[in-house]
Amino acid sequence: MNEKDRKSSFPQGERAERKVAFSLIQPSGDLTIGNYLGAIKNFVRMQDEYDCIFGVANLHAITVTQVAADLRRRSLEVIAYIVASGVDPAKATLFIQSQVPEHAELAWVLNSISSIGQLQRMTQFKDKAQKHADNLNAALLTYPVLMAADILLYQSHVVPVGADQKQHLEFTRDLAERFNSRYSPTFTVPEPLSDENATRIMSLKDPYSKMSKSDPDENAYILMKDDPAAIRRKIARAVTDSEAHFCYRPEQAGLMNLINLYAAYAECTPNEVVERFHDSDYASFKRALADLVVGVMDPIRTRFLSLMEDKKELEEISHDGALAAQRVARRTLSKVYRKVGLL
């Protein structure tokens, strides 16, 4: 399917009326079910409500040292995970950031109206500066400017954000308003799109820490590509407590985390999970949770592995998506160049 065919499913009138939703995922390692529940699952729902532009933030990834071959592979893997989860390339634009050079070009222009003081006050910069003291590069500081360029290039109306990205989106809004005021209305000022029912998925071994693929204990997280046996083993070994009382309260943080996980996959409330399992022991609940997670993730894993066996389809999807994205990005950048006086 070529790029023209992929986009033919959008009636022009319908596309014109839709708001633009934009989101990128970093290819910084294997994706966990936290990435699925926090982002990709919502992409599937959003593709029928918005004009969606989803992609791989591989330019952002090089703020820390990468192995080139691994970065290329993981960039395609992110596209594969998105497609395997149910996002249709005929409904959403899927691309890899570095394939659209307008991102870097607009970032340079936006650098000229960005305050160094504001960038230095960014919480994530402070955190990364501590974690990567041996590679404290300029890109770590200007990361939010590139993120702003990503969003503003496509005149994005809404951006799905978690708590850790809200500050960056506020910075993006500031830059859009600053540019619009200094030159003339140019950028759509994006709004955050928050899922009121979204729950942070915590570590299976430390329910006070966010689930992360960088955790040294592989039983602390579930990868999207984990096979059913691995998923069942990790859930069976997840920490709970010694109270043996099935309820939803902060004092039982381990159980609370597993209840949140069940609720996220079953698309129900934690209270409904408690009502369903209030007479169950922890082992029985863990088995039911494992069945639920496997039931959702194993078809995604199967499709993902199939896509990765023959990367031609992924390369076509990302190539066609980049062409579609670049057409939109070029229109915005042309306006920006004209207004700031660049040829």
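Here is a short walk through some helices and salt bridges of this structure. The model is predicted, so local features need pLDDT of at least 70 and side-chain atom pairs count only at pLDDT 80 or more, while totals for chains, interfaces and linings use all residues. Residues are numbered from 1 along each chain as its sequence is written, and side-chain values use heavy atoms, with hydrogens and water left out.

Let us start with helix 10, residues 166–182. Helices here are DSSP runs (H or I, at least four residues), numbered from the N terminus. Buried residues (under 20% relative accessible area, 1.4 Å probe, protein chains only) in helix 10 include H168, L169 and F171.

Next come the salt bridges, each a side-chain nitrogen of Lys or Arg within 4 Å of a carboxyl oxygen of Asp or Glu. The whole structure holds 15 of them. One joins K41 and E267 at 3.3 Å, N to O. K41 sits in helix 3 and E267 in the loop between helix 12 and helix 13, so this pair ties together parts 226 residues apart in sequence. E267 is exposed (over 50%), at 64% relative accessible area.

Being three residues apart in helix 5, they are separated by about one helical turn. D70 and R73 also belong to a salt-bridge network with E77.

How values were computed:
Helices (H or I, at least four residues) and strands (E, at least two) are DSSP runs, numbered from the N terminus. The expected span of a helix is 1.5 Å times one less than its number of residues.
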